[in-house]
Amino acid sequence: MKKLIAPIALAVALSLTGCGGTATTPASAVDSKAAEEAPKAPELTGAWKQSNSASEKSYQQATIAGDTITVEWVTDAGDTTSAYWVGTFKAPNDASEPYKWTSKRDAAATKSALLASTDDTKEFTYEGDTISYKVSMLGTTKTVKLKKN
């Protein structure tokens, strides 16, 4: 009887050891899955158009290219554009929102523009697929909201 119990006990011990182990996932599979799920910094380069304008024929538009943001007044349904802002742009490094940057005006690019801002800097905010900033003219301040085209 002892001869029969020893092999059975050994078989039970081996089967419990096999079932009691933890499953392991290769480190490369975990790393690639984390990289896929990690939120990426938004891509802000490109063309933007004002989404909160009172008129479809008069609004602001912006272009972000490289390290520059250019904002223009658009009138006559797009037939006329006037420079409002040309300044620095710094792209976000991560997906944190809101993303804010202070743009420094390019005075040489805006010095002869009649409708350009004369502020040395302008605060821009990106949040929820929208860039916003304040525009002041003739004692009135409005927050402009831009959506990417």
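The text below goes from the core to the aromatic pairs, then to the loops and the surface.

The model is predicted: local features need pLDDT of at least 70, side-chain atom pairs count only at pLDDT 80 or more, and totals for chains, interfaces and linings use all residues. Numbering starts from 1 along each chain as its sequence is written, and side-chain values use heavy atoms, with hydrogens and water left out.

**Core**

A nonpolar core is a set of buried Ala, Val, Leu, Ile, Met, Phe, Trp, Tyr and Cys residues joined through side-chain atoms within 4.5 Å. Buried means under 20% relative accessible area, exposed over 50%, and partly exposed in between (1.4 Å probe, protein chains only). The largest such core has 18 residues, and W101, I131 and Y133 have the most contacts inside it. Elements that give two or more residues to this core are β2 (59–65), β3 (68–75), β4 (80–88), β5 (99–104), β6, β7 (130–137) and β8 (140–148). The most, 3 residues, comes from β7. Strands are DSSP runs (E, at least two residues), as are helices (H or I, at least four), numbered from the N terminus.

Beyond its neighbours within four places in sequence, W101 is in contact (heavy atoms within 4.5 Å) with residues including L44, I69, F124 and I131.

**Aromatic pairs**

Rings of Phe, Tyr and Trp (its six-membered ring) pair if their centres lie within 6.5 Å; planes under 30 degrees apart count as stacked, over 60 as edge-to-face and the rest as tilted. The whole structure holds 6 aromatic pairs. Two of them are tabulated.

| Pair | Centre distance | Plane angle | Class |
|---|---|---|---|
| Y99 and W101 | 5.7 Å | 25 degrees | stacked |
| W101 and F124 | 5.2 Å | 10 degrees | stacked |

W101 in strand β5 and F124 in strand β6 are 23 residues apart, so this pair links distant parts of the chain. W101 counts as buried at 5% relative accessibility, and F124 at 0%. One aromatic cluster is formed by F89, Y99, W101, F124 and Y133.

**Loops and surface**

The loop between β4 and β5 contains P98, and the peptide bond from E97 to P98 is cis, with omega near 0 degrees. D129, in the loop between β6 and β7, is not a glycine but has a positive phi of about 70 degrees. L138 also has a positive phi, of about 55 degrees; this residue lies in the loop between β7 and β8 and is exposed, at 85% relative accessibility.
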